[in-house]
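User: I would like to learn how to read a model with several chains, one feature at a time. Please take the general idea of each feature, then the case.

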Amino acid sequence: MIFDPTLAVVETRKVFAGEGPGTRAIFYLLSLATLVTFFAGVGLRLRKYYAGRPAAEGRFWRPSRKGEVQDVTTKPGLGAGLMKVATNKTVRRDKPSVGLAHLAVFWGFIGLFLATSILSLDYDIVRNFSRFFLGREYSFYHGPFYLAYNAVFNLAGVAAILGTAHLMGRRAAHKEPQLDYTRAFKPEAGYSRRQFRQGDWLFLWGLMTLFITGFLIQGLRIDEAHFPTFERWTWMGYLVGLAWHGVGVSAGLAAHIHPWIWWFHVLLALGFVAYIPFSKAMHMVTSPANLIVNDPANTRRLPQVPNGHSGYTELADFTPKERLAFDACTKCGRCHQVCPARTAGAPLSPRDLILDLRQWVDRQNHIPALLDREDRPDQSGPLAGETTLAGSVIASRTLWSCTTCMACVEVCPVGIEHVPTIVQMRRSLVDAGDMDPTLQSALQNIAQQGNSFGKSARMRARWTKGLDFTIPDARKEPVEFLWFVGDYASFDDRLQNLSRSVAKILHQAGVSFGILYDGERNAGNDVRRAGEEGLYEMLVEHNMAALSSANFESIFTTDPHSYNTLRNEYPAYGLEKPVRHYSELLTDLVLSGRIPVKALNKTVTYHDPCYLARYNRVMDAPRALIEALGCQLVEMPRNRTGSFCCGAGGGRIWMDDSFLEERPSENRMKEAVALGVDVFTVACPKDFAMFSDAVKTVGQEGKMVVTDIIQLLEEAFDTDRAMAMSVAQPQADGADANPGEGVSSEQGPQ
Amino acid sequence: MRIVVAMRQLADLVEELEVDDSGTDIDREFVKFVSNEWDEAALEEALLIKEQSGAEIVAVALDEPDVDQTLYTAIAKGADKAVKLTGLEEGWVSTHSRAKAIASWLGDQQWDLLLTGVQAADDLDGQLAGILAAQLQVPHAAVVVSAQTEGSSVKVSQELGGGTIVEETIALPAVLGIQTARQAPRYAPITRIRQAMQSGGLEEASVAGDLAEGRPTVRRLYPPEKTGHAEMLTGSASDVADKIIELLRAKGLVKS
Amino acid sequence: MASDVLVVAERSGGQFGDITFELLGKAKEIASALGGKAGVVLLGDTSGVDALGAADVVYTIDDPSLSNYNPEATEASLIGLLRQVEPRLLLMGTSTYGLDWGGALSVAWDAQLASYVVGLSLEGSDIIATSQLYGGKLFAEAVLDGERGIVTAIGGSFPAEAGRTGGSPEIVATSATASAGKVTFGAIKEPDKSGVDITSADLLVSVGRGIGSQDNLELVQELADALGSPLSASRPIIDQGWLPKPQQVGKSGQKVKPKAYLSFGISGAPEHLEGMRNADLIISCNTDENAPIFDVAHYGTTVDLFDLVPELAEKLGQ
């Protein structure tokens with residue numbers, strides 16, 4: 001290091017001011033030890049990831065196919081992923097102030113990390129290399145670069161401090177439910193999550209102290225140097241220096257204090273770096289990585305069963321991607337808050353599930369966790385040894401509580417996909433016969449008759465008997481639309497009326513449509529999500545055989561669940577026709593004038609079905625329809641992709657829900673009641689059934705009316721104009737029935 | 001311990017059954033055949049015995065429509081072997097003939113305990129357990145709700161109606177007609193059934209020959225005529241509720 | 001040719017079940033047409049023999065081996081008696097007795113057997129039995145044209161009054177036939193009657209498969225509470241474990257005869273109908289208008305139980 005004092009003013013500073021060679025040696029040795037620890041920790045984790053089962057979908061990354069139609073299952077590119085990370089978009093979503101604070105810490109920390117890296121580049125590399133190879137020491141750490149460096153990275157430091165302060169304040173002052181670590185599933189012998197809280201605070205205070213001591217050192221250095229004018233560029237350090245001076249720390253005293261605080265800062269910083277891979281701080285690496293490899297297709301199109309297993313039974317079943325996802329969890333608790341199972345008092349919290357799995361997988365891989373583990377007096381749950389995964393590490397009651405509503409996946413700021421992992425574990429429960437007797441009989445009924453009602457497969461189209469026209473059998477005559485009716489709409493007495501209404505409206509609008517009659521089976525969406533993969537495949541084979549014997553242009557469904565599997569999963573089995581939801585079809589028909597309507601002048605609210613809104617982004621069509629019918633739509637606080645599940649999904653409709661404190665459908669109904677509206681609109685047969693019950697159980701019968709969109713449309717149907725239209729155009733031409741231009745779904749992943 | 005579970009196929013009662021042209025049998029052509037539910041209970045009880053004290057389970061059934069499905073399902077649930085008895089004419093097999101077919105197959109088998117469903121929806125000429133046991137000249141018990149083996153005997157609980165249970169010990173070999181198993185029949189995941197199918201392994205044995213015809217001659221099979229149908233109450237739920245309360249009030253069962 | 005008709009008496013707790021008198025009445029009718037005698041077989045002790053006045057003859061087998069339920073011992077003695085008396089027809093209930101012994105007796109005694117019989121008549125020398133098969137969906141008319149016949153009949157198929165007429169039958173004491181002794185009686189366990197007693201209630205609210213889930217039972221329980229009646233159920237509800245066994249109505253549960261029986265979501269399997277068809281007033285709610293329950297109910301409705309039950313509970317609560 002050559003520093004020429006004869007030069008009047010060089011805008012730079014000494015590195016290692018005052019520390020002798022011995023001190024420096026200790027510093028470098030410590031740094032080396034820190035880096036070894038850090039990379040050893042990272043190495044352990046990488047080893048853990050790569051020990052995972054390579055899934056058919058790829059280890060971490062499913063390449064997006066060129067020319068893939070933009071769809072809800074499209075894998076976003078690397079750029080989009082990086083952008084999500086850089087902007088903290090997913091962290092800011094739903095929680096703007098927390099998100100902004102996090103963004104400040106995020107970029108502040110990156111800034112400070114860059115600052116240290118740049119200094120090390122100059123001091124340790126450029127200077128040494130130039131001296132060694134060129135014989136003369138070069139440095140870029142001076143002049144305008146030095147000034148800009150200080151100005152910019154001071155800003156980073158201030159941002160980091162403000163952000164951290166905000167996050168600390170929130171954690172201390174606001175008792176938000178998602179920050180409460182109380183478990184949803186209570187282990188018999190008890191548990192303690194004290195370490196989680198300690199880890200959180202250690203992380204926050206560690207960062208805060210690191211940031212603050214950095215500025216204190218800067219202030220002391222500037223104080224020591226008698227406040228050179230150019231150091232005003234180091235604006236925050238300069239202010240801190242003035243403060244030191246103001247409290248009576250002279251240049252001499254500053255020189256005396258400096259090393260002590262410097263060592264404190266250095267030891268804390270090195271300690272922190274070594275701590276990262278074994279603690280909550282690891283999320284700085286794992287979360288962005290997980291967010292980038294996140295694949296929207298995974299939940300919508302469930303992964304395959306691991307080879308040789310019927311579902312997840314052991315450690316080796318977890319894929320690298322899943323192992324990374326466990327590590328990515330920051331315990332932010334957003335999933336815990338939105339989960340309908342947890343809200344209803346069921347023993348499932350997606351947060352707890354991920355944390356349990358992480359702790360268990362880490363223990364099996366002998367990865368130590370510092371202040372990042374749950375303690376239990378016994379060896380249960382995440383502390384269990386090598387044991388059955390589903391049913392032991394995660395209780396079967398927990399796994400069966402999931403409605404697969406996908407709210408957790410949607411809300412997770414770091415891209416964890418809880419649902420596919422839950423289904424993989426359910427698959428092994430099904431294999432072991434560990435399930436509700438009612439679910440078992442539903443599955444048996446589906447296996448034998450193709451419907452969960454246990455009714456004869458031949459009775460499937462019996463609901464059509466009440467119609468004064470015959471719905472074409474798409475297997476016998478060509479139709480434009482094939483209506484995949486679904487179990488509930490076909491067999492449930494309460495819902496058959498709705499099915500007949502749909503048929504009547506479409507018939508009156510002259511739409512060319514048909515059904516598969518007794519060729520249709522349960523589409524299998526919920527069978528698959530209940531974990532009965534073999535039965536799902538059997539249903540798909542049966543339905544595909546019926547579909548390929550039929551002649552049609554496109555499919556529409558009334559049931560959002562069937563819609564999801566037909567749209568996202570059946571293509572893998574050869575389905576090539578487009579699939580739409582009846583809300584989309586009806587909207588097109590109304591907006592294009594094919595169905596004449598009168599204004600209803602009602603005030604209604606609308607419940608977004610999980611499988612329509614969250615899974616498939618169909619949110620505008622039902623709203624456009626409601627408005628086209630002259631209704632004023634009042635939104636519930638939880639709407640669109642933030643909708644709250646009715647509790648029926650993922651096979652839950654076949655299971656006992658009497659143990660719940662409050663059914664999700666009742667919780668939802670109360671949300672609607674609070675709006676002061678008296679019409680609760682749905683676009684899903686299961687919703688109609690669930691909420692018709694909920695209206696009664698929350699004591700709103702007669703006050704709140706549950707209405708399917710088809711009932712609204714039926715009521716608004718303008719018979720006179722329809723008559724006039726049919727006179728003017730006696731035969732609606734089937735070829736005209738292409739409503740391609742209307743409102744369609746908002747497609748693509750967010 | 002070798003346990004034989006005698007199973008059978010039966011027209012699915014979910015279906016609407018029609019009588020064929022002869023007027024003496026159901027129209028078997030378009031009816032779906034499923035496993036007899038009481039036989040499923042028998043299989044479950046056998047599986048429970050196997051789990052408790054170890055046993056080899058052999059499921060056996062006559063070759064009737066879709067019987068493969070039932071036998072493969074039994075294997076998927078834990079049966080060690082499944083045997084299909086062929087050679088009988090298709091149609092309504094009498095219980096006496098069924099018993100004789102099974103007895104003739106059992107003749108060259110080594111077995112300790114035979115479990116079967118207590119009854120079936122078409123066993124007009126009696127229930128299999130008693131008939132088979134009498135043909136084999138071994139002890140039997142029917143309407144069994146629990147069977148647990150103890151050495152060379154089996155401890156059974158029989159249900160006498162009204163919830164009264166009688167417990168007995170029966171020396172093996174014995175035949176039991178199972179009413180319910182100690183737990184509901186387990187679920188057979190479709191994947192396992194398919195695996196069983198892929199690995200094959202259904203044994204076939206021919207039982208053709210002289211079979212009993214102990215059944216009285218059926219001369220007519222017909223759906224019951226609706227005698228004395230209820231008077232139907234119609235209208236809204238509220239209307240119907242009013243009428244019901246009125247009826248109960250007339251009986252003095254609802255106060256004023 | 002043989003012309004006697006024998007009935008196996010069923011006793012529980014020292015009392016003869018209705019089935020015994022139903023069968024005895026039918027036995028008298030057929031025996032008199034054949035010109036033979038109607039006899040009753042009384043197994044075990046001879047207590048209560050006075051109630052069998054309608055019989056022409058009562059065969060008693062008073063032996064300790066028959067004092068407890070034991071299929072092997074009973075069958076041995078019955079076969080011994082049958083070979084001795086050689087009646088034309090043996091009548092039993094399609095109860096545990098009939099299900100357990102009927103088949104074995106038909107083999108050992110070499111007789112034609114008809115189960116689930118709900119109608120019995122004579123055509124010349126042929127016995128014509130009408131059986132209820134396929135869960136009550138079909139009836140089979142079968143001809144017992146052999147020398148010996150066994151019929152197991154479903155309870156409630158014949159009037160019991162005809163079997164309750166007085167008289168002084170001949171009492172024939174016979175001895176037991178030894179069996180191989182492979183079945184050893186252990187214990188008898190009466191059901192726990194400490195809970196709800198559905199047999200003595202004037203009014204019963206009963207629920208079946210149509211209720212869907214255990215959770216929905218609450219709804220019907222509320223109605224039962226409003227009516228001050230116990231809640232009973234059909235077999236599927238008990239098998240699921242949703243209600244305890246003593247609350248089951250049916251052949252394998254309790255036979256009930258309340259003043260009024262309200263059923264919800266019960267389709268009416270024969271097993272259930274046997275347990276409740278004698279109620280004075282039966283009102284049934286089932287969404288399937290073709291449900292067999294409507295054949296025995298006095299009043300019926302196809303209104304959804306989920307609409308009707310709360311409506312009833314509310315109106316009664318006022």
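Analyst: What follows goes through interfaces, a sheet, helix packing and some backbone details. The model is predicted.

User: Let us start with contacts between chains. How many residues do chain B and chain C give to their contact?

Analyst: An interface is read by listing the residues on each side. Here 69 residues of chain B and 72 residues of chain C take part. On the side of chain B, the elements that give two or more residues include α4 (128-136), β7 (140-150) and α6 (237-250). The most comes from α6(B), with 8 residues. By class, that side of chain B has 37 nonpolar, 21 polar and 11 charged residues.

User: Which strands pair between chain B and chain C, and in what direction, parallel or antiparallel?

Analyst: β13(B) is joined by 2 bridges to β17 of chain C (residues 299-301), and the two run parallel. One bridge pairs E231(B) with Y299(C) in β17(C).

User: And how many residues make up the contact of chain A with chain B?

Analyst: Chain A gives 20 residues and chain B gives 10 residues. In chain A, two or more residues come from each of α17 (418-432), α18 (437-449) and α22 (533-548). The largest share is that of α18(A), 7 residues. The side of chain A divides into 7 nonpolar, 9 polar and 4 charged residues.

User: What describes chain B as a whole, in terms of helices and strands?

Analyst: Chain B has 6 helices and 13 strands. Along the principal axes, its C-alpha atoms fill a box of roughly 70 × 45 × 40 Å. Of the 256 residues in chain B, 51% are buried. Among contacts in chain B with a separation of 6 or more, 72% are between residues 24 or more positions apart.

User: Next, sheets. What is the strand order of the open sheet in chain A?

Analyst: A sheet is read from strand to strand across its pairings. This one has 4 strands in the order β2-β1-β3-β4 (chain A), paired in parallel. β2 (513-514) and β4 (579-581) of chain A each have a single partner strand, so each is left without a neighbour on one side. Strand β1(A), residues 481-484, is joined to β2(A) by 2 bridges. In one of them, L482(A) has G514(A) as its partner in β2(A).

User: Which helix lies across β1, β3 and β4 of chain A?

Analyst: That is α23(A), residues 560-569, which runs at about 160° to β4(A).

User: How do I read a pair of packed helices? Take α5 and α7 of chain A: what are their angle and the distance between their axes?

Analyst: Begin with the axes, then look at the residues that meet. α5(A), residues 143-173, and α7(A), residues 235-246, pack at about 75° with axes 7 Å apart. That angle falls in the range of 65 to 115 degrees, so α5(A) is roughly perpendicular to α7(A). N150(A), A151(A), N154(A), G157(A) and V158(A) of α5(A) meet W235(A), M236(A) and G237(A) of α7(A). This contact has 4 nonpolar, 4 polar and no charged residues.

User: At what angle do α20 and α28 of chain A cross?

Analyst: α20(A), residues 493-508, and α28(A), residues 685-697, cross at roughly 135°, and their axes come within 10 Å. That makes α20(A) oblique to α28(A). The crossing is right-handed. R494(A), L495(A) and L498(A) of α20(A) meet P685(A), F688(A), A689(A) and S692(A) of α28(A). By class there are 5 nonpolar, 1 polar and 1 charged residues.

User: What should I look for in the backbone?

Analyst: Most residues other than glycine have a negative phi, and most peptide bonds are trans. K331(A) is not a glycine, but has a positive phi of about 60°. Y134(C) also has a positive phi, near 50°. The bond between L172(B) and P173(B) is cis, with omega about 0°. P173(B) is in the loop between β9 and β10 (174-178) of chain B.

User: Where is K331(A), and is it buried or exposed?

Analyst: K331(A) is in the loop between α11 (320-328) and α12 (334-338) of chain A. It counts as buried because it has 20 C-beta neighbours inside 10 Å. Y134(C), in the loop between β8 (126-133) and β9 (138-144) of chain C, is buried with 21 other C-beta atoms within 10 Å.

User: Is E289(C) buried or exposed?

Analyst: E289(C) counts as exposed, because it has 11 C-beta neighbours inside 10 Å. E289(C) sits in the loop between β16 (281-285) and α7 (293-296) of chain C.

Terms used:
Residues numbered from 1 in each chain as written. Chains lettered and ligands numbered in written order. Predicted model: local features only at pLDDT ≥ 70, side-chain atom pairs only at ≥ 80, totals over all residues. Contact = placed C-beta atoms within 7 Å. Nonpolar A, V, L, I, M, F, W, Y, C, P; charged D, E, K, R; others polar. Pairing = 2+ DSSP bridges. Axes fitted to C-alpha atoms, helices over the stretch in contact; angles between N-to-C directions. Parallel < 35°, antiparallel > 145°, perpendicular 65-115°, else oblique. Left-handed = near helix turned anticlockwise from the far one by under 90°. Buried ≥ 20, exposed ≤ 12 C-beta atoms within 10 Å, placed from the backbone.
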